[in-house]
Amino acid sequence: MADSHETLICPACGSDMQKVFIPSKGLNIDICTQGCGGIFFDNREFKIFANDAADFDEIVQATENNEFEPVDESRERYCPACGAKMVKNYANREQNIQVDECYTCGGKFLDHCELTRIRGL
Ligand SMILES: [Zn+2]
Ligand SMILES: [Zn+2]
């Protein structure tokens, strides 16, 4: 899937998501920097980041200094890329972290702090 240059709408809080460029990967990641701090990966991006935890610096920087709005976790979330309803799924082998996953396009949405938890920090 090619990187989209459209602004995505955060599925958790409805804010506009900001594209954060990751130079080492040549990828733009969508992050909810103005709202809840959530991060959306498309299928290809998530595999890259799940398999190589070394280059999260830009994402961490974009999310660590802000105070984010709390989100209603019980609210249904819809994929910002394709509009399908997202499903909670375990994101790691230990099965203690759930992320929202889109079965239609493979997109994944991580709440603020879930990424660092997946990394085991
Ligand atoms: Zn948000
Ligand atoms: Zn989708």
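Q: Quick one on cysteine 82: what is its relative accessible area, and how does that class it?
A: Cysteine 82 has a relative accessible area of 37%, so cysteine 82 is partly exposed. Keep in mind that this is a predicted model.

Q: And cysteine 79, buried or exposed?
A: Cysteine 79 counts as buried, because its relative accessibility is 4%. The cut-off for buried is under 20%.

Q: Which residues coordinate the zinc ion (ligand 2)?
A: Both of those cysteines take part, along with Cys102 and Cys105. Each of Cys79, Cys82, Cys102 and Cys105 gives its SG atom, at 2.2 to 2.3 Å.

Q: What is the arrangement of the 4 donor atoms there?
A: Tetrahedral, because the 4 donor atoms around the zinc ion (ligand 2) subtend angles of 100 to 121 degrees. The test asks for all angles between 85 and 135 degrees. Ideal tetrahedral angles are 109.5 degrees.

Q: How are the donor residues spaced in sequence?
A: For the zinc ion (ligand 2), the spacing is C-x2-C-x19-C-x2-C.

Q: Now the zinc ion (ligand 1). What coordinates that?
A: Cys10, Cys13, Cys32 and Cys36 do, through their SG atoms, at 2.2 to 2.3 Å. The spacing along the chain is C-x2-C-x18-C-x3-C. The site is tetrahedral, with angles of 97 to 120 degrees among its 4 donor atoms.

Q: Are cysteine 32 and cysteine 36 buried or exposed?
A: Cysteine 32 is buried, and so is cysteine 36.

Q: Back to cysteine 82. How far is its C-alpha from that of threonine 104?
A: The two C-alpha atoms are separated by 7.6 Å, with the residues 22 apart along the chain. Threonine 104 is in contact with Cys82 and Ala84, leaving aside neighbours within four places in sequence.

Q: Where does threonine 104 lie?
A: In the loop between strand E5 (98-101) and strand E6 (108-110). Threonine 104 counts as exposed because its relative accessibility is 61%.

Q: Switching to the sheet. What is the strand order?
A: The order is E1-E2-E3-E6-E5-E4, in an open sheet of 6 strands with antiparallel pairing. E1 and strand E4 (87-90) are the edge strands, and each pairs on one side only. From one strand to the next, the twist averages 35 degrees.

Q: How many bridges link E1 and E2?
A: They pair over 5 bridges, in the antiparallel sense. Valine 20 has isoleucine 29 in E2 as its bridge partner. Glutamine 18 stands opposite isoleucine 31, also in E2.

Q: What about the hairpin of E1 and E2?
A: There are 4 residues between the strands. In this hairpin, glycine 26 takes a positive phi near 65 degrees.

Q: Which strands do the helices lie across?
A: H1 lies across E1, E2, E3 and E6, at about 100 degrees to E2. H2 lies across E1, E2 and E3, at about 145 degrees to E1.

Q: How many residues are in the largest nonpolar core?
A: It has 14 residues. Those with the most contacts inside it are Ile29, Ile31, Ile39, Phe41, Phe49 and Ile59. Two or more residues come from each of strand E1 (18-22), strand E2 (27-31), strand E3 (39-41), helix H1 (43-51) and helix H2 (57-64). E2 gives the most, with 3 residues.

Q: What is phenylalanine 41 in contact with?
A: Setting aside neighbours within four places in sequence, its contacts include Ile29, Phe49, Ile59, Leu110 and Leu115.

Q: And what does the second core include?
A: That separate core of 13 residues includes Leu8, Phe40, Ala84 and Met86. Ala84 is also in contact with threonine 104.

Terms used
Residues are numbered from 1 along each chain as its sequence is written. Chains are lettered from A and ligands numbered from 1 in the order in which they are written. This is a predicted model: local features need pLDDT of at least 70, side-chain atom pairs count only at pLDDT 80 or more; totals for chains, interfaces and linings use all residues. Side-chain values use heavy atoms; hydrogens and water are left out. Donors are N, O and S atoms within 2.8 Å of the metal (3.2 Å for Na, K and Ca); water is not among the atoms, so sites may look incomplete. Four donors count as tetrahedral if all angles lie between 85 and 135 degrees; four count as square planar and six as octahedral if opposite donors are over 155 degrees apart and all others between 65 and 115; anything else is irregular. Buried means under 20% relative accessible area, exposed over 50%, partly exposed in between (1.4 Å probe, protein chains only). Contact means heavy atoms within 4.5 Å. A nonpolar core is a set of buried Ala, Val, Leu, Ile, Met, Phe, Trp, Tyr and Cys residues joined through side-chain atoms within 4.5 Å. Two strands pair if DSSP finds at least two bridges between them. Axes are lines fitted to C-alpha atoms, for helices over the stretch in contact, and angles run from 0 to 180 degrees between N-to-C directions.
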